[in-house]
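This briefing sets out selected local features of a single model, grouped by topic. Please read it alongside the sequence and the coordinates.

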Amino acid sequence: MQLLDSSQPLRSTCPYCGVGCGVAVNQDAAGIQLVGDPWHPANFGRLCSKGSALAETLEHDGRLLHPLVDGQRTSWDEALERVADGFSQIVAAYGPDAVAFYVSGQILTEDYYVANKLMKGFIGSANIDTNSRLCMSTAVAAHKRAFGADAVPVCYEDIEQADLVVIVGSNYAWAHPVLYQRLAAAKKSRPDMQVVVVDPRRTATCDIADLHLAIAPGADAYLFNGLLHHLRREDALALSYVEQHVEGFATAFEAARAVGSIPKVAQVCGVPESQVGEFFRMFARTERTVTIFSQGINQSSSGVDKANAIINVHLATGRIGKPGMGPFSVTGQPNAMGGREVGGLANQLAAHMDFSDAENIELVKRFWNAPNIARQPGLKAVDMFQAIGSGRIKAVWIIGTNPAVSLPDADKVRAALMACELVVVSDCVRHTDTTACADILLPAAGWGEKDGTVTNSERRISRQRALLPAAGEARPDWWIISQVAQRMGYAEAFDYTKPAQIFREHARLSGFENVPDFRSGGQRAFDIGALAALSDAEYEALQPVQWPVNSASPQGTQRLFADGQFYTPNGKARMIAVAPRLPAVVTDSDFPLVLNTGRIRDQWHTMTRTGKVPRLSAHSYEPYVQVQAEDAQRYRLQDGGLARLTSRHGSMLARVQVSDDQRPGSVFVPMHWNDAFAKAARVDALVAPITDPISGQPESKHTPVRVAPYRPAWQGFVLSRKRLELPDTSYCACSRGTGYWRHEIAGEMLPGEWRDWVQGAENDAGEWIEYRDAAMGRYRAACLQDGRLEAVFFLAPDQRLPEREWLSSLFGQAILQPAELAGLLSARPPLGAVSDTGRIVCACFSVGAKTIANAIQTQGLGSVEAVGACLKAGTNCGSCVPEIRRILEKHAGEQCA
Ligand code: SF4
């Protein structure tokens, strides 16, 4: 694999989360080297575990390399004609609203711009929505209500400059790791800085928290309304700021007063009065406060109100537009913000313009010279897939996302796609749950091959640059969409030849009839008009910059609203009267537990990229359900056993983790697993398609479920050099190790003869050794070729199985030694061999939990720094530091050195 230019470090942006870290990529004799870009203002050289492993995802295995129509390889010409014809015919027969695009916060702004222009300006429907609907559409709606525009007021530096940082509904340490690292570093250098975490779960983020409010799921608006009431009572509001710059205070305050004072708030939130009182006092006395919020707020049937309840307290205290202050919605996806800018949401038009304003529609129509401009919002994600299911939408083009896994009621989404007349999927991955539903597959360029821009959570536009030639026949998304548009008859408007050309048009539209000083008539916050004349070379060299970038702020804008002026007709921000309400569907005796979903530290979305990296898979091998200890007892769940979760919409299997990090009555399941990595483990099959009435964002944090032990007839694991299809399994979680695949399996029917089953699955003409304990129902077998281990199978009637670490390490050897062979089927390593390291905690240096615990005990290690000095764990990306600290806490006082 050869970089396009290896004479100098190439600079690009990480494709995972909304932090938007810069990376620098080089090539030397050892291969491609990737580090954090020391000059990028989002990360200043830092990367998390996922970003650090990016170079390990660049191989072409698993890629979609050629266009496919009905499963057959075809030419680009043929595939593009089929897409254009298919869409044109359906539009002609049923009208423009019979087609839809479903796009992604993973694609670049230039791709997004072209897709939006084609659908809203030329096809004539607004049926284009994005998976960012599932992530931050709530924050968009809340910003627009409060500020008159979808404008994030703060910047990353504000987090470091704050004296109080409140983190609400976010496992920030895992979901936005580098921002968390910046916060942790700031707190270390200024120990007086305080951090409050508001989250039903105790997460890694609590590692640096002075206070953790483990509130009842969904109670956030009660808490923030209670806070507003408290601040008024304590005379801690900035009433002169409110008078000059804010409207709606009286009604917002009346709504807040109805929530009551601290005892009532504590009761509704299910936390001690003392904790609520402490939080309120901290907030009241600390001027420099940033409140970070994310999916715990956004993914809710009352998410927009919750977000506005947070923004209300910042407006009422005047803590906005100044260093170290402000409400801060952090986005999950790398380019969720770019999608917002071009109108990637079905209820937006383009460049932050709306369908609610007829002048906006005419302006965009004129600018694009659009023959069929859409005049009303299209269907939001959940509604869109319901319309596909009902046959109202007959053709859908899915670009860079996997809705058969990630949308609520995912089984229905899959069924809808299977029944849809025309499903086109552009992706860089060949096999996903969604590509399995496609009639036409179009190979898209992947990260490292794409060229364009992305915008991160602080409004910073950065370049994502091509580092490598495209794999196979893959093409950039903007090219694919433009080619289809040309074949649909819109050649002139889509004659793009390079992303710079699209970016300039996008920048021009943002500044089109947009007066930079909104107080003199301009009304659009999103304005990058100053970038509209960039030459190709200037675009290539574009440095990270925060919008607005216009004649008033040609170098960009770090912080908004410094002058107390907002993007509303009278320039005043709006406080919103929030009447808090609990989740739309509550638990009952059939479904007594609340299911919460979210990210884990080392996986990204549906694992299509991070699942390729052994060291990222080592942190969590399997889908799991985390359950509080008393609940585990009540529902007869065993730590390490399997469980079935069932909701009114679907069911799944997962490994049980008993943990007091959960509140009683709540369980947590990661969102990542899907059919490509596990059988029966798509958590979104359980999630109800209930959405916020304003934003359309699904309530992914609150699904009533029941959990019961799953007791299969047999369980086991297989380690094999190749990934195996294992028949008769009801549960099978696959993960990639270094040189092998790990399969954790279970089945309901015992195969007739284990030997036949095992040898049939491995299908290798090797030398087999086996061990059978018929009385105990145990069977073990290994396959070797010329002394090299090919596979081991351990099968048993229950979960009592040996550790996998030593067995896994044998795949790194060309030939097994006699002592290793002797211990193979008893899983007993020879004296002095690598034994059980435990679950990997530090992904960068592959250090396991047991290794860390052992070092703490035997070497008297008493701090994270000491563990780092001894084992290197935690010394690279730092993502594992909270877990190391918890291992230290657990083993404190056990030192035997
Ligand atoms: Fe990538 Fe990690 Fe930075 Fe997010 S925090 S952009 S995943 S390196």
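A residue is called buried when its relative accessible area is under 20%, exposed when it is over 50%, and partly exposed in between, using a 1.4 Å probe and protein chains only. The model is predicted: local features need pLDDT of at least 70 and side-chain atom pairs count only at pLDDT 80 or more, while totals for chains, interfaces and linings use all residues. Residues are numbered from 1 along each chain as its sequence is written, and side-chain values use heavy atoms, with hydrogens and water left out.

**Ligand site**

- The shell around the ligand consists of Cys14, Tyr16, Cys17, Val19, Gly20, Cys21, Leu47, Cys48, Lys50, Gly51, Pro177 and Val178, where a residue is near a molecule if one of its heavy atoms lies within 4 Å of it.
- Two or more residues of this shell come from each of the elements α1 (49-52) and α7 (177-189); helices (H or I, at least four residues) and strands (E, at least two) are DSSP runs, numbered from the N terminus.
- By residue class, the shell holds nine nonpolar residues, two polar and one charged. Ala, Val, Leu, Ile, Met, Phe, Trp, Tyr, Cys and Pro count as nonpolar, Asp, Glu, Lys and Arg as charged, and the others, Gly among them, as polar.

**Cysteines**

- The count of disulfides, meaning pairs of cysteine sulfur atoms within 2.5 Å, is zero.
- Cysteine 155 is buried, at a relative accessible area of 1%.
- For cysteine 880, the closest cysteine sulfur belongs to cysteine 842 and is 4.2 Å away, which is also too far for a bond. Cysteine 880 is buried, with 3% relative accessibility.

**Aromatic pairs**

- There are 29 aromatic pairs. Rings of Phe, Tyr and Trp (its six-membered ring) pair if their centres lie within 6.5 Å; planes under 30 degrees apart count as stacked, over 60 as edge-to-face and the rest as tilted.
- One of these pairs joins phenylalanine 561 to tyrosine 567 in an edge-to-face arrangement, 5.9 Å centre to centre with 65° between the planes.
- Both partners are buried: phenylalanine 561 has a relative accessible area of 5%, and tyrosine 567 has 12%.
- Trp714, Trp754, Trp757, Trp768 and Phe793 are linked into a cluster by ring pairs.

**Backbone features**

- Most residues other than glycine have a negative phi, and most peptide bonds are trans.
- The peptide bond from tryptophan 547 to proline 548 is cis, with omega near 0°. Proline 548 lies in the loop between β19 (545-546) and β20 (573-574).
- Histidine 352, although not a glycine, has a positive phi of about 65°. This histidine 352 belongs to the loop between α15 (336-342) and α16 (358-368), and it is buried at 16% relative accessibility.
- Glutamate 513 likewise is not a glycine and has a positive phi, of about 50°. Its place is the loop between α21 (499-511) and α22 (536-540), where glutamate 513 is partly exposed at 44% relative accessibility.

- Glycine 878 sits in the loop between α29 (864-871) and α30 (881-891) and is buried, with a relative accessible area of 18%.
- Glycine 878 and tyrosine 180 are 698 residues apart along the chain, and their C-alpha atoms are separated by 10.0 Å.
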